[in-house]
Amino acid sequence: MNEKSCSFHSKEEFRDGQGERMSAGYSPSYDNDKSVLAFRGIPISELKNHGILQALTTEANEWEPRVVSTEVVRAQEEWEAVDTIQPETGSQANSEQPGQLISFSEALQHFQTVDLSSFKKRIQPTIRRTGLAALRHYLFGPPKLHQGLREERDLVLTIAQCGLDSQDPVHGRVLQTIYKKLTGSKFDCALHGDHWEDLGFQGANPATDLRGAGFLALLHLLYLVMDSKTLLMAQEIFRLSRHHIQQFPFCLMSVNITHIAIQALREECLSRECNRQQKVIPVVNSFYAATFLHLAHVWRTQRKTISDSSFVLKDLEVLAKKSPRRLLKTLELYLARVSKGQASLLGAQKCCGPESPPFKDLTFTGRSDLQPHSSGVWLI
């Protein structure tokens, strides 16, 4: 993890006129003598210069070295709390609850409760067909989505219109959770920085790669890393993406797969399964995960590299729209075997080569460069 991007404190000693760090904090179990040791050797006049310890010297003449007042206790508690304060680096990095992971259901609930009317106006729930294409779809195409599920479908498509807002604490927590679950880090990091390139975004700002899939792309990544059934799969795909030969931009690839899921939903390829389960969001999530699993399987077994990405994605979209149930069944079988410790995406041959460098020198075509109804190649 990029040390410059991450924001955390370690307990240090103050030097050069800043006052000395207390080596032991106050505890109610300590007697008065031990509590005073923390302050012994520090001139009262020097303590006065520090606002955080000002309670100790409000009345300097009344301060007795062997008496621990309530002000001392309060000051020590405040001092200990300093360790948890994390300054921002580069941008507003921390949420209202720093360090706390966010679940998929909590993030989804956020979008269910905020006003998304301005974004909802932009969606096109289904592909408009005319002439023979409309007749063929009517006669031989998939069934229409049940009326009662259309509001849920529209929510999915509306979230795909929302961008990343770095000022929204929930958005920040989603990004932080994805970063921590993929890297194993326990610390928050800046919302802008080179560390996002290590995860497979094109630049220091993840927002620039979400056009065409919107915040739904981040929700899909959140689902992948926060669901206990798919976390192992996500981590293995991430390791594959950093193979010294078969490297690919993990997050950018995920955004492309989210776009495939959006198109499949709009083209009613998922309607039959949604009607069967009487749900939309869980079906779309599983379809996304199943499509990502198939891509990783093809990538590993056929020894694909970044130069093959456009062809792999094109074939993947055709298969995903044509046989969504097949992909979903493959995911079910894989996850069932993983839960029993019988399956591993990467098998016995782990991607043990040195980690690949960030993707600074590679050029990609973003989804924003394509027309809304176009399909085909996104990575080149």
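**View 1. His220 sits in helix H10, residues 216-226.** This is a predicted model in which local features need pLDDT of at least 70 and side-chain atom pairs count only at pLDDT 80 or more, while totals for chains, interfaces and linings use all residues. Residues are numbered from 1 along each chain as its sequence is written, and side-chain values use heavy atoms, with hydrogens and water left out. Helices here (H or I, at least four residues) and strands (E, at least two) are DSSP runs, numbered from the N terminus. His220 is buried because its relative accessible area is 0%; buried stands for under 20% relative accessible area, exposed for over 50%, and partly exposed for what lies in between (1.4 Å probe, protein chains only). Its side chain makes a polar contact of 3.0 Å with the side chain of Thr258. For the record, a polar contact is a pair of N or O atoms within 3.5 Å; within protein, one must be able to donate a hydrogen and the other to accept it, and residues adjacent in sequence count only if both atoms are side-chain atoms. Setting aside neighbours within four places in sequence, His220 is in contact with Thr258, Ala261, Val284, Asn285 and Tyr288, contact being heavy atoms within 4.5 Å.

**View 2. Helices H12 and H14 cross at roughly 130 degrees.** Two packed helices are described by the angle between their axes and the distance between the axes. For H12 (residues 250-266) and H14 (residues 281-301), the axes come within 9 Å. Axes are lines fitted to C-alpha atoms, for helices over the stretch in contact, with angles running from 0 to 180 degrees between N-to-C directions. H12 and H14 are therefore oblique to each other; angles under 35 degrees count as roughly parallel, over 145 as roughly antiparallel, 65 to 115 as roughly perpendicular, and the rest as oblique.

**View 3. Helix H4 packs against H10, with axes within 9 Å.** H4 covers residues 104-113, and its axis crosses that of H10 at roughly 155 degrees. The two helices are therefore roughly antiparallel to each other. Phe104, Ala107 and Phe111 do the touching from H4, and Leu219, Leu222 and Tyr223 from H10.

**View 4. Val225 and Ala234 touch each other.** Val225 belongs to helix H10, whereas Ala234 is in helix H11 (residues 231-241). Val225 counts as buried because its relative accessible area is 1%, and Ala234 counts as buried because its value is 0%. Not counting residues up to four places away in sequence, Val225 touches Ile178, Lys181, Leu182, Leu231 and Ala234. With the same exclusion, Ala234 touches Leu182, Leu224, Val225 and Phe250. For Ala234 and Leu293, 59 residues apart along the chain, the C-alpha separation is 8.8 Å.

**View 5. Glu268 and Gln278 each have a positive phi, although neither is a glycine.** Glu268 has a phi of about 65 degrees and is in the loop between H12 and helix H13 (271-277). Gln278 comes in at about 60 degrees, in the loop between H13 and H14. Glu268 is buried because its relative accessible area is 6%, whereas Gln278, at 46%, is partly exposed.

**View 6. Asp188 pairs up with Lys180 through a polar contact.** Their side chains come to 2.6 Å. Asp188 is in the loop between helix H8 (169-183) and helix H9 (195-198), and counts as buried because its relative accessibility is 4%.

**View 7. Cys269 and Cys274 are both buried.** Relative accessible area is 17% for Cys269 and 0% for Cys274. The model has 0 disulfides, a disulfide being a pair of cysteine sulfur atoms within 2.5 Å.

**View 8. The whole protein has 16 helices and 0 strands.** Buried residues make up 47% of its 380 residues. Of the contacts between residues at least 6 apart in sequence, 75% join residues at least 24 apart.
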